[in-house]
Amino acid sequence: MAKLSLFDQRRRRVRTALRAKGGERPRLSIHRSSQHIYAQVIDDARGITVAAASTLEKDVRDVTGATKDAAAEVGKRLAERAMAAGVSKVVFDRGGFLFHGRVKALADGAREGGLEF
């Protein structure tokens, strides 16, 4: 078996911890690239995406580039859409990304929008 990168080790560790908590809550999953940030609320029990938002959306693109401000806006939009779909409590799946910078800004924006995690 090939040796995993630190990112993949961290992603596996985070996902294992989420599974140990059980699947009673939907999962707020994020992906961060060098230019954009994407977030979605996934109901793993039903296998569907409940809500999604990213910096690729036209209204969010007006907020300059790949900044913490844009990430916070994505978090607020995601929370608004999740609340409209009836989801108020989620577990935060940061994947292999550190909880810092844009990832933290997105989480704070989602909390500001009303999501609990």
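1. D8 and R11 form a salt bridge, with N and O 2.2 Å apart; the term covers a side-chain nitrogen of Lys or Arg within 4 Å of a carboxyl oxygen of Asp or Glu. Both residues sit in helix 1 (residues 6-20), three residues apart, about one turn of the helix. Helices (H or I, at least four residues) and strands (E, at least two) are DSSP runs, numbered from the N terminus. D8 is partly exposed at 25% relative accessibility, and R11 is partly exposed at 36%. Buried is under 20% relative accessible area, exposed over 50%, partly exposed in between (1.4 Å probe, protein chains only).

2. This is a predicted model: local features need pLDDT of at least 70, side-chain atom pairs count only at pLDDT 80 or more, and totals for chains, interfaces and linings use all residues. Residues are numbered from 1 along each chain as its sequence is written, and side-chain values use heavy atoms, without hydrogens and water.

3. D93 pairs with R15 in a salt bridge, the closest N and O atoms 3.0 Å apart. The pair links distant parts of the chain: D93 is in strand 4 (residues 91-93) and R15 in helix 1, 78 residues apart. D93 is buried at 1% relative accessible area; R15 is partly exposed at 26%.

4. E57 and R81 meet in a salt bridge at 2.8 Å, N to O. E57 lies in the loop between strand 3 (48-54) and helix 2 (58-61) and R81 in helix 3, so the pair ties together parts 24 residues apart in sequence. R81 is partly exposed, at 31%. A network of salt bridges links E57, D59, E73, R77 and R81.

5. The salt bridge count comes to twelve.
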